[in-house]
Amino acid sequence: MAKAAEQKQNSTVVIEETKLDIRDVVNTTTTYGEDNGHGGGRRNDVAMVVLRAMCMAVSAVAVSLMVTARETSMTTLYGFEFQLHAVWSLSDSLIYLVVVSSATVLYSLIQLIISGTRLMRKSPVIPTRTQAWFCFVADQIIGYAMVSGGSAALGVTNMNRTGIRHMPLPNFCKSLGFFCDHLAVSVVFALFAFLLLAASSLLDVLRLSRDR
């Protein structure tokens, strides 16, 4: 009788240990699956922070190149010598590009601080659909402003190099090489910033698609 009771008690202990082991396996499997599911979102968060940092740096370079675009030189037209004084602030298109690029630097800096802080806390960079929509719309607005500013500045740069059609104006960039080079490189960086903002918009769309 005592032996039968002891065997029954041992069987109960084995069953409880088996149940505990099964729970541990289930919990471990569930945690592993959740970590893998969040892996894609984590990679997107890191990519978003990198894009914000790159966009801020590229836009800052575009601004610095533009505001340092100034040069004084001499040129000859019809045998007469003229002094040329080129400054970026004399063109409305170039001023517009500087303003838009500066706004992009400020916007990217704010987004970088917010995203970087959330990433270090291991929380989602864009936690809600409302914030995802806000980032998407803001990226689109800033991006289109950058491409419009770059296109306007590109027109000024091309005119300096080719002159005005049907008018006998020289290629001013032969005398103002430093000024024209700064304009051209600044426009290239501005258009590159637009591409980075477009990539950020794509990540915003991926974030919105995960909540469907």
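This is a predicted model: local features need pLDDT of at least 70, side-chain atom pairs count only at pLDDT 80 or more; totals for chains, interfaces and linings use all residues.
A residue counts as buried under 20% relative accessible area, as exposed over 50%, and as partly exposed in between.

The overall plan comes first. Of the 212 residues in the protein, 33% are buried. The accessible surface amounts to about 13000 Å², and carbon and sulfur atoms account for 66% of this area. Contacts within the protein also reach across the sequence: when those between residues at least 6 apart are considered, 77% join residues at least 24 apart.

Two aromatic pairs are present in the structure. One of them brings together W133 and F136 in an edge-to-face arrangement, with 6.0 Å from centre to centre and 85° between the planes. The angle of 85° explains the label, because planes over 60 degrees apart count as edge-to-face. Both residues belong to helix α3, where a spacing of three residues separates W133 and F136 by about one helical turn. W133 has a relative accessibility of 44% and is therefore partly exposed. F136, at 21%, is likewise placed in the partly exposed class, because buried would require a value under 20%.

Y144 and F194 form an aromatic pair that is tilted, with 6.5 Å between the centres and 45° between the planes. This pair connects distant parts of the chain, as Y144 sits in helix α3 and F194 in helix α4, which covers residues 177–210; the two are 50 residues apart. Y144 is exposed, since its relative accessible area is 53%, whereas F194 is partly exposed at 22%.

K122 is found in the loop between α2 (92–120) and α3 (129–162). The backbone of this residue has a positive phi of about 60°, although K122 is not a glycine. With a relative accessibility of 67%, K122 counts as exposed, because that class begins over 50%.

Terms used
Residues are numbered from 1 along each chain as its sequence is written. Side-chain values use heavy atoms; hydrogens and water are left out. Helices (H or I, at least four residues) and strands (E, at least two) are DSSP runs, numbered from the N terminus. Buried means under 20% relative accessible area, exposed over 50%, partly exposed in between (1.4 Å probe, protein chains only). Rings of Phe, Tyr and Trp (its six-membered ring) pair if their centres lie within 6.5 Å; planes under 30 degrees apart count as stacked, over 60 as edge-to-face and the rest as tilted. Contact means heavy atoms within 4.5 Å. Accessible areas come from the Shrake-Rupley method with a 1.4 Å probe; for residues, only the protein chains shown count as cover.
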